[in-house]
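Let us take a friendly walk through a protein model together. Keep the sequence and the 3D view side by side as you read.

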Amino acid sequence: MEEAKSQAAKEDKLIFVDIYTTWCGPCKTMSEKIFPQKEVGDYFNSNFINVKFDAERGEGIQVAKNYNVTAYPTFLILDKEGKEVGRVVGAKTPAEVFIKDVEKVREIKK
């Protein structure tokens, strides 16, 4: 997470965090069907520093705990200091709906 915060500060971007688990069906849907779409990649790569954490492994355990994540997937939008700006919980399809939901949270920060 520290690397993401450093990168966000350098590029003056928000941080988008995907918190998932390996057994979560909706997480797999997002990972396999939504994130690979060009429009999703273009939107997230131009607006955010993107990271993902498995809530049950490594650093992800602490990240999920720190942000009180209790459902998967949870998508956090953080400022460059790591403070939560907002979150989107659950799989969102189609891609346009997901982008729109994240954009609503991002607009709050502006």
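## Overall size

With 110 residues, does the chain agree or disagree with the radius of gyration of a compact globule? A compact globule of 110 residues would have a radius of gyration near 13 Å, and the chain has 13 Å, so the two agree. Here the radius of gyration is taken over C-alpha atoms, and the globule rule is 2.2 Å times the number of residues to the power 0.38. Along its principal axes, the C-alpha trace spans about 35 × 30 × 20 Å.

Before going on, please note that this is a predicted model, where local features need pLDDT of at least 70 and side-chain atom pairs count only at pLDDT 80 or more, while totals for chains, interfaces and linings use all residues. Residues are numbered from 1 along each chain as its sequence is written, and side-chain values use heavy atoms, with hydrogens and water left out.

## Helices and strands

The chain has five helices and four strands. Their order along the sequence is α-β-α-α-β-α-β-β-α. Helices (H or I, at least four residues) and strands (E, at least two) are DSSP runs, numbered from the N terminus.

## Inside, outside and charge

Of the 110 residues in the chain, 45% are buried. Buried means under 20% relative accessible area, exposed means over 50%, and partly exposed is in between (1.4 Å probe, protein chains only). The accessible surface of the chain comes to about 6000 Å², and carbon and sulfur atoms own 51% of that surface. These areas come from the Shrake-Rupley method with a 1.4 Å probe; for residues, only the protein chains shown count as cover.

Contacts tell us how the sequence folds back on itself. A contact means heavy atoms within 4.5 Å. Among contacts between residues at least 6 apart in sequence, 67% join residues at least 24 apart.

There are 18 positive and 18 negative charges, and their mean positions are 2 Å apart. Lys and Arg count as positive and Asp and Glu as negative, while His and the chain ends are not counted. Each charge is placed at NZ of Lys, CZ of Arg, CG of Asp or CD of Glu.

Start with T21, in the loop between strand 1 (14-20) and helix 2 (25-34). T21 has a relative accessible area of 1%, so it counts as buried. Leaving out residues up to four places away in sequence, T21 touches C27, D54, A55, E56 and Y72. Its side chain also reaches the backbone nitrogen of C24 at 3.4 Å. That is a polar contact: a pair of N or O atoms within 3.5 Å, where within protein one must be able to donate a hydrogen and the other to accept it, and residues adjacent in sequence count only if both atoms are side-chain atoms.

Next comes M30, which sits in helix 2 and is buried because its relative accessible area is 1%. Beyond residues up to four places away, M30 touches F35, P36, P73, F75, A91, K92 and F98. M30 and K92 are 62 residues apart along the chain, yet their C-alpha atoms are separated by 7.6 Å.

A95 belongs to helix 5 and is buried, at 1% relative accessibility. Outside the four-place neighbourhood, A95 touches I34, Q37, E39 and V40.

Now look at N45, in helix 3 (residues 38-47). Is N45 buried or exposed? Its relative accessibility is 54%, so N45 counts as exposed. Beyond neighbours within four places, N45 is in contact with K13 and N50, and a polar contact of 3.3 Å joins the side chains of N45 and N50.

## Backbone details

Which peptide bonds deserve a look? The bond from Y72 to P73 is cis, with omega near -10 degrees, and P73 lies in the loop between helix 4 (58-66) and strand 3 (74-78). Another cis bond joins T93 and P94, with omega about -5 degrees; P94 is in the loop between strand 4 (84-89) and helix 5 (95-109).

D12 is not a glycine, yet it has a positive phi of about 50 degrees. D12 is in the loop between helix 1 (2-11) and strand 1, and is exposed at 59% relative accessibility. N68, also not a glycine, has a positive phi of about 50 degrees; N68 is exposed, with a relative accessible area of 57%.
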